[in-house]
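Subject: Structure for you to look at

Dear colleague,

I am handing over the structure below, and my notes on it follow. Please read them with the model open beside you.

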Amino acid sequence: MPKTMELAMVGLGRMGGNMAERLLRGGHRVVATDRSPEAVQKLVSLGAVGAATLPDAVAKLSAPRAVWLMIPAGKPVDDTIAALAGLLGPGDTIIDGGNSNYRETIRRGKEVAARGMHYVDCGTSGGIWGLENGYSMMVGGAKEAVDRLRPIFETLAPGPQTGWGHVGPSGAGHFVKMVHNGIEYGMMQAFAEGFAIMAKKADLNLNCSQIAEIWRNGSVVRSWLLDLAARALSENPTLDGIKPWVSDSGEGRWTVQEAIDLDVSAPVITQSLFERFRSRDANSYADRILAVLREQFGGHGVKRG
């Protein structure tokens, strides 16, 4: 039986709640806290120890303590670390499992280390499917801290030796996850463009849902993203009711900026990010400029209305 541990999970959104549940299934002791009492109660019903506040959660842990944050990047992380500074002590560990900017993670790691504590950044991929399939985790921080947390990572991962690893010092985990998400942007864009071309070829009457299923088995483009595309197309082949508006959570922007800073050519990731920006402009000023320029120099017709 693998070694079990205890930790506090702060932030029980869909992903945080699922991670806590997977840890409970693995026999770990989880102290769950969130601004939503309902989210806490759900975990309690699955075997977690509930805590109404952050001090309450820390008080229910034994030293050396581990507190895993699954909260939005930016100020919420800084505020939570500031609150934990007065609650934790030397030897304790804070794990940031969210999508923080790696530069902020490096800063936080130094600040936490100055208090004699550890700061581990865990870039986490797997989304809502991680509960059953396991999570891919890119871990940064001191080896001592990561080694102590190994039973937790082994439980959350698809397998004890697969899908996770200690990739470097503080900040490395979030840096690798940032690049991972940038690659994801490019892959998603390629699938989107390919299916759009096939959907537009009306004279061949192609069935994109069928083609996605064919590609899922044996083709060189088979992937989890293709699995998800096939699932979405089987449920809604014409994508009725779906607006062409694509958000971004920041990692693509950070990846492009890093490529610029490092003089690395990254045209696919960059263009896929810009395509997301384009999707949000329902009344594109740039496209209207293009239309009137064609009218001005070539007398081409302009659609008005």
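Which residues of S4 are buried on one side and which on the other? Ala66 and Trp68 are buried on one side and Val67 and Leu69 on the other, so that both faces of S4 are covered; buried here means under 20% relative accessible area, with exposed over 50% and partly exposed in between (1.4 Å probe, protein chains only). In a regular strand the side chains alternate between the two faces of the sheet.

Please bear in mind that this is a predicted model, in which local features need pLDDT of at least 70 and side-chain atom pairs count only at pLDDT 80 or more, while totals for chains, interfaces and linings use all residues. Residues are numbered from 1 along each chain as its sequence is written, and side-chain values use heavy atoms, with hydrogens and water left out.

The open sheet has 8 strands in the order S3-S2-S1-S4-S5-S6-S7-S8, with mixed pairing; strands (E, at least two residues) and helices (H or I, at least four) are DSSP runs numbered from the N terminus, and two strands pair if DSSP finds at least two bridges between them. Its edge strands are S3 (49–50) and S8 (164–168), each pairing on one side only.

S4 runs parallel to S1, joined by 3 bridges, and methionine 9 stands opposite tryptophan 68 in S4. S4 also runs parallel to S5, joined by 4 bridges, and leucine 69 stands opposite aspartate 96 in S5.

Best wishes
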